[in-house]
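Thanks for sending this one over. Here are a few friendly notes to read alongside the structure.

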Amino acid sequence: MDQFLLFFDDFSVRWILSVLTSFFITWYSIPIIVRIARGKNLFAISNNRTVHNSKIPVLGGLAIFTSYFISTLLFTKVATMPHMQYVIAGAVLIFIIGLKDDLISISWKSKAIGELVAIIIIVMLGNIRFTSLHGFMGINEVNYLTSFLITVFVMFVITNSINLIDGIDGLASGIAIIASITFGVWFYLSDNLEYAIKAFSLAAALVAYARYNWFENKNKTFMGDTGSLLLGYLLAIFTVQFNQMNLDASAPSYIASAPAVSIAILIIPLFDTLRVFIIRILRNGSPFKADRRHMHHLLLAMGLTHLQASCILFALNILVIVVAFTFQNVGILWLGLIEFAILLLFASLLDLSVRRKKEAGEPINYCDV
């Protein structure tokens, strides 16, 4: 019996089992969820960002939520993570908010309040928060109030940025896979093994989901707000922990300019959210009113398919991640400027191409220009 327990205590065994459990629960549960959704007429609600005309079940996030927490609770050492109960409490609240919005739609204000409550739970009770600015602008350790406000703001932005890019097949899940694997590899190399398991398990659930979102017709599904808000919430936690684990320069696999590197990992949703908010404000509109000005809408307007548009943004995300890890020693400010310059150049060229296409009288689909 002792040998059996020791076998399952080994990290390599636990992460493999967690990944397989997360993958197969998602893989086998989605067809069941799709059948139930069709039977109950639970389909995606159209809005100004929608580019699908057919009715698609919208509860894929339920499978991701279930598989992720079953696998991580079974195969991570929860006793070493006293904040885990607050992470779960916040995740359940996020799940309820997303599910309600998927089924009956709620106002952005109600959604924002619920998200803030979930985030405050893990910041105040779980003590998951930024405690230092890593020397940015000459500031290192910050007081509790500043720490609280910065953490809540950053987590709120990340949570919603993932939700905002979930406008075409595969984009949100693919970006989250890239981010989860990147965080997971670093957590592993830095000996933060429990977080490595959590990150890899999330990626595994998303890979299984991707089959039904990208390549299926019969059992095609969307993750809905149930899934996208959960992804944003979990990636926000990984971001905070990544920065906190890089406070000690003597720690294994230490990353200089950790804040800028973590931005690079999530650069597509963060930059695109900032970009569309600025455009909406400059055009005297509400920054929270959905439209078709995201980069993925511009790519569709150029005649690309959903998968092609998503893959281009995946490649761009990976490029910026490689640049960030390669040039991490140039400093937080300079590295951040390099990252945003790359995205700004890409978005500007893309916008120019779409405008030229419009001026030439060619049809512009799925895009507000």
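Predicted model: local features only at pLDDT ≥ 70, side-chain atom pairs only at ≥ 80, totals over all residues.

1. Let me begin with the length of helix 5, residues 108-125. Its 18 residues should span 26 Å at 1.5 Å a residue, and the C-alpha atoms at its ends lie 25 Å apart, so the two values agree. After the helix comes asparagine 127, with a positive phi near 55°.

2. Which residues of helix 5 are buried? They are Lys111, Ala112, Gly114, Glu115, Ala118, Ile119, Ile122 and Val123. When you look at their spacing, recall that an α-helix has 3.6 residues a turn, so residues three or four places apart point the same way. The packing partners of the buried residues in helix 5 are helix 4 (84-103), helix 6 (144-164) and helix 9 (224-244).

3. Helix 6 deserves a point of its own. The axes of helices 5 and 6 come within 10 Å and cross at roughly 130°. That angle makes helix 5 oblique to helix 6, because it falls in neither the roughly perpendicular range of 65 to 115 degrees nor the roughly antiparallel range over 145. The crossing is right-handed.

4. On the residues at that contact, helix 5 brings Lys111, Ala112, Glu115, Leu116, Ile119, Ile120, Ile122, Val123 and Met124. Helix 6 meets them with Tyr144, Phe148, Thr151, Val152, Met155, Phe156, Thr159, Asn160 and Asn163. Sorted by class, the contact of helix 5 with helix 6 has 12 nonpolar, 4 polar and 2 charged residues.

5. Next, helix 7 (residues 171-189) and helix 13: how do they cross? Their axes come within 9 Å, at an angle of roughly 25°. Angles under 35 degrees count as roughly parallel, so helix 7 is roughly parallel to helix 13. Helix 7 passes helix 13 in a right-handed crossing.

6. From helix 7, Leu171, Gly174, Ile175, Ile178 and Thr182 take part in this contact. Facing them in helix 13 are Ser310, Leu313, Phe314, Asn317, Ile318, Ile321 and Phe325. By class, the contact of helix 7 with helix 13 has 8 nonpolar and 4 polar residues, with no charged ones.

7. Finally, please look at alanine 309, which is found in helix 13 (residues 306-326). Is alanine 309 buried or exposed? Its relative accessibility is 0%, so it counts as buried. Beyond its neighbours within four places in sequence, alanine 309 is in contact with Ile168, Leu299, Leu300 and Leu304. Histidine 296 is 13 residues from alanine 309 in sequence, and their C-alpha atoms are 6.2 Å apart in space.

Methods
Residues numbered from 1 in each chain as written. Heavy atoms only, no water. Helix = DSSP H or I, 4+ residues; strand = E, 2+ residues; numbered from the N terminus. Expected span 1.5 Å × (residues − 1). Buried < 20%, exposed > 50% of the residue type's maximum accessible area, 1.4 Å probe, protein only. Contact = heavy atoms within 4.5 Å. Axes fitted to C-alpha atoms, helices over the stretch in contact; angles between N-to-C directions. Left-handed = near helix turned anticlockwise from the far one by under 90°. Nonpolar A, V, L, I, M, F, W, Y, C, P; charged D, E, K, R; others polar.
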